[in-house]
Amino acid sequence: MKQNRALPSPCAALAAAVFAALLAGAGAPADAPATEAPPASPPPPPTLLGPGEMGAVVEALGQMHLTPSDLVWDRDYVNRPDATLDPWRLPLAEQMLRDPLHVPGHSQALARAALQAGTGLDAQWRAAAGALSLMDPPEGFLPRSDVPLSSDIEIPPAPVPPGKAGRALLKQWHHLAPALRAELIEDVRALHALRREARTALGGLGASPEEWSRFREQALRAIDPRTREDEGEAEERERVLALLAGVDGVDRGGLMAVAVGLAALAGRIESVAAALPPGSWPTEPLELDTPAGRFVIGTPRADLHSGDAALVLDPGGDDRYLLGGARHPGEVQLLLDLGGDDSWRSPFPGSLGGAFGGAALLVDAAGDDVYDGGKVSVGAGLLGYGAVIDRGGSDTYLGDALTQGAALFGGGVLVDAGDSGDHYRAGVYGQGFGMTLGYGALVDLGGNDTYSAGGTYGDSPSRYPDHTLSLSQGFGIGFRPYAGGGIGLLADASGNDSYSADLFAQGCSYWFSAGVLYDVGGSDHYRAWQYGQGSGIHLSAALLADLAGDDQYTIGHMGQGSSHDLAVGWLIDRAGNDLYQGASTVQGGSLTNAVSFFVDVAGNDAYSARTLATSRGGGEVRRHMGSVGVFLDLQGDDVYTEADEAGQRRPPPTAAGARPWIYGIAIDRQGPPEGASAMYLSLPQAAPPPAGPRQELPAPGPVPAAAAEVMAANDWLAGAERSSQQIADLAARGPDYLPDLLALLPREYLLEQYTVGRIVQAILERTDEAGRESAWQTLRAHLQGAPEYDGLRWPMSWIAVAGLHTEDTVAALTSRAHSPRWRLRLAVAESLGVLASPRAAPSLLMLMGDEKESVRAVAAWALGRSGGDGALPALAEALRDRSFLVRFNAAAALVERAAAGEGKAVVAHARAFRKQAAEPAALGLADDLMVAVEDPTDEALRRFWGLGPQAAAPPSPPAVRAAPAPERKSRKDRGR
């Protein structure tokens with residue numbers, strides 16, 4: 001007791017020993033490495049597609065009269081405002097979308113950077129910086145060798161428990177090794193400085209508690225898939241725009257610098273801890289309230305750590321962690337456990353290496369550990385940068401949403417370096433997931449691992465009520481249609497792995513994003529239900545690459561190197577005897593102006609697809625333009641299941657190639673073609689998208705009464721049966737309801753517009769002749785007065801489909817053909833094609849020279865339907881257009897004119913063109929055209945070209961061709 005009384009008072013002692021020394025800078029350890037050096041990297045894996053294999057891809061394109069440059073075209077929705085630029089799109093994701101043949105190279109660069117970085121977090125953040133383009137150029141981003149320190153930081157005194165508690169605390173403090181005490185002193189300074197930098201980077205968003213609280217609520221709603229079921233499109237728009245506005249002023253690069261500093265601090269602490277002699281640690285967990293937050297120092301035994309903490313340092317033992325989550329802006333957290341089988345649990349957002357408005361790092365050096373987190377957890381960043389590094393053991397990772405290498409407005413990294421099998425289970429948005437301005441990476445360096453995602457959040461009740469959303473395992477997504485998305489990467493270095501998911505997963509992406517799943521070794525099994533396994537959806541790019549092993553791929557619909565809606569999808573399997581099973585649109589199928597590649601490089605493989613029409617290299621015609629689907633098996637003795645669910649059969653692909661669709665090809669060959677290196681070296685690199693003015697989205701206004709009625713009838717929200725009944729009830733109001741519906745079109749809400757279209761169609765179908773005349777007058781008046789694209793393209797289509805006053809309608813449409821807005825010109829061309837009037841020829845000929853390839857392509861389709869003076873020579877000349885979309889539409893249009901009775905004239909123009917053309921693609925297309933026009937009544941050939949009976953609606957996809965395309969022969973060999 002006398003000895004205890006002789007000690008200085010707790011407040012004075014602790015302040016003198018800790019904070020006074022901190023201010024004086026005493027006791028600082030020598031500089032230590034920023035992070036642990038990554039383990040020796042194995043030899044780099046083979047290039048995804050070498051010169052020979054890429055040459056085979058180029059050769060396959062050539063058999064469709066395509067060149068690599070043909071795949072580089074503007075991809076955008078036709079309902080976006082003109083001359084605007086989405087400032088939230090990542091350049092890398094957009095480059096991958098614009099340049100399909102370079103998607104494998106970009107994807108492998110991402111995966112190799114993450115795998116080679118290993119547990120070196122500085123290198124992982126450098127890879128993230130390059131993917132997010134936070135620095136220009138990304139190579140200029142150099143991680144700091146030391147944490148940011150400032151000598152002018154003023155540290156206020158910390159509260160100290162009174163009485164016995166204070167004296168016990170002081171005794172514990174003095175029990176620590178001097179080197180550890182000195183390090184903790186510096187840690188206070190470092191974490192305080194990092195927290196200050198994080199708050200500075202957040203700018204005004206972190207200044208007001210009220211503003212931060214609103215942002216936090218909006219962000220948590222953004223990562224809850226149930227949110228869209230609870231709100232209408234207007235509410236969603238308001239929420240998303242508010243969220244984007246909050247992020248707009250944040251210095252994301254500054255936040256990453258904080259994360260780099262945190263990694264440097266972790267490396268320094270670990271170096272000091274490794275050099276400590278036995279007995280340096282406390283006998284009971286030590287808790288210190290410091291100006292930088294709560295510090296917790298564990299013991300070598302099994303400890304229980306709970307509550308909030310800025311720093312946890314535990315030397316070993318089988319510990320239990322029940323931790324809080326980030327609640328305030330600018331929080332910085334470092335968790336270090338140096339050994340033992342540990343249990344990490346927290347249901348709170350921003351925990352277990354999850355950064356929510358700051359930076360967080362969790363490092364577990366050894367042991368079989370369990371991580372069980374909620375939202376923004378286990379290596380995740382939401383407006384921040386969070387990471388988990390686990391260096392060994394057989395671990396289990398559980399998480400709810402935005403978890404296990406996931407990010408929104410930031411970065412999230414999870415690296416597991418053990419060679420034992422690990423188990424990953426995520427509800428949604430995890431396992432290598434990137435949302436808007438986010439980079440998420442899950443990197444597993446060894447072991448037979450199990451990845452599972454989904455089962456928690458159901459899909460829309462009106463779409464797939466029996467399935468759940470996964471949105472994981474190398475997945476990227478944006479806020480459609482408001483903002484581009486992020487980059488998601490799952491990279492697994494070795495082992496026989498199992499990947500299971502439901503909807504959207506396994507190298508998949510959605511809306512100006514990129515998703516990559518990259519598996520280096522082992523015999524793996526991939527299972528998903530829809531949208532996955534190398535599937536780009538809605539203007540995005542995705543890839544699944546498996547470099548070795550006997551693998552099994554099973555999916556229901558849309559996957560295995562297939563894509564949809566102006567997107568790009570790849571599946572590359574380099575080796576092994578593989579099994580591919582799917583239902584529809586699999587194995588290189590392509591829908592709605594998409595580009596898809598399926599490439600199996602080697603092995604004896606087996607293929608099964610239930611619907612062959614859009615699988616195995618099938619391409620689909622939509623929006624009067626085509627898609628590109630490529631199926632390539634380059635080696636091995638392969639087995640194909642031929643009969644589909646409709647009883648149709650397709651011959652197995654051969655080395656010569658089978659072209660069942662105008663834009664699809666399937667080839668099974670033995671080895672790459674000769675001269676492939678030259679083909680590979682000649683691949684063009686697409687130029688980056690041009691800069692443009694920033695897109696400013698107007699604030700939402702009041703919701704009209706008609707909008708509420710329309711959205712209540714939307715099938716996505718109401719379900720198909722209820723939606724049909726509600727649309728019928730609204731259509732019963734007749735033509736008098738049209739003005740209210742037309743007033744909704746400029747609001748730019750897609751779901752509203754589609755439902756408005758269904759209601760208008762129903763009105764036109766059920767009304768009498770007088771009502772149709774009244775409807776036409778209303779639509780025509782709107783057409784003449786509406787200045788905006790979304791207010792025009794829908795009425796144009798309705799007027800044309802109704803077939804009322806065709807000639808007057810042609811005049812009204814052609815008056816808009818000179819609009820400076822290319823989307824309006826596109827709508828004019830499409831509507832004139834539906835009307836099929838020769839009087840439209842002058843305007844369509846003018847549109848055939850439009851600067852936009854999509855306008856030219858649709859104008860060529862329309863000329864094929866309308867004909868008129870000058871149509872044939874213009875269509876013949878368009879066979880050499882720089883865009884394959886225009887070339888193929890022009891060829892199909894010439895066949896259409898031949899079928900309409902102009903066969904002799906078409907033949908004459910085609911012959912003249914054949915003599916003048918020099919481009920290989922144009923010559924090949926002209927040869928096919930000459931064969932077609934010799935017998936324009938050949939029904940199978942017309943189906944091949946996507947023709948056939950066409951009413952007011954756009955043409956349906958062409959049917960499967962009965963036999964492979966024959967080898968090209970000279971005109972002499974073909975006979976006349």
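These legends describe close-up views of a predicted model. Local features need pLDDT of at least 70, side-chain atom pairs count only at pLDDT 80 or more, and totals for chains, interfaces and linings use all residues. Residues are numbered from 1 along each chain as its sequence is written, and side-chain values use heavy atoms, with hydrogens and water left out.

**View 1. The whole protein.** The protein holds 29 helices and 41 strands. These are DSSP runs, numbered from the N terminus: helices are H or I with at least four residues, strands are E with at least two. Of its 976 residues, 62% count as buried. Buried means under 20% relative accessible area (1.4 Å probe, protein chains only). Take contacts between residues at least 6 apart in sequence: 78% join residues at least 24 apart. Contact means heavy atoms within 4.5 Å.

**View 2. Helices H24 and H26.** The axes of H24 (residues 853–866) and H26 (residues 884–916) come within 8 Å and cross at roughly 5°. Axes are lines fitted to C-alpha atoms over the stretch in contact, with angles from 0 to 180 degrees between N-to-C directions. H24 and H26 are therefore roughly parallel to each other; the cut-off is under 35 degrees. Residues in the contact include Trp861 and Leu863 of H24 and Leu885 and Val886 of H26. By class, the contact has nine nonpolar, three polar and five charged residues. Ala, Val, Leu, Ile, Met, Phe, Trp, Tyr, Cys and Pro count as nonpolar, Asp, Glu, Lys and Arg as charged, and the others, Gly among them, as polar.

**View 3. The nonpolar cores.** The largest nonpolar core has 194 residues; among those touching the most other members are Trp125, Phe215, Phe504 and Trp570. Such a core is a set of buried Ala, Val, Leu, Ile, Met, Phe, Trp, Tyr and Cys residues joined through side-chain atoms within 4.5 Å. Phenylalanine 504 touches residues including Leu469, Phe475, Tyr510 and Ile537, not counting residues up to four places away in sequence. A second, separate core of 30 residues includes Tyr371, Val388, Leu490 and Leu517.

**View 4. A cis peptide bond.** The bond from arginine 480 to proline 481 is cis, with omega near 0°. Proline 481 is in the loop between strands E21 (475–477) and E22 (487–492).

**View 5. Two residues with positive phi.** Most residues other than glycine have a negative phi. Leucine 566 has phi near 60°. Leucine 566 lies between strands E33 (563–564) and E34 (568–573), and is buried at 7% relative accessible area. Threonine 592 has phi near 55°. The loop between strands E36 (590–591) and E37 (595–600) holds threonine 592, which counts as buried at 11%.

Methods. Parallel < 35°, antiparallel > 145°, perpendicular 65-115°, else oblique. Buried < 20%, exposed > 50% of the residue type's maximum accessible area, 1.4 Å probe, protein only.
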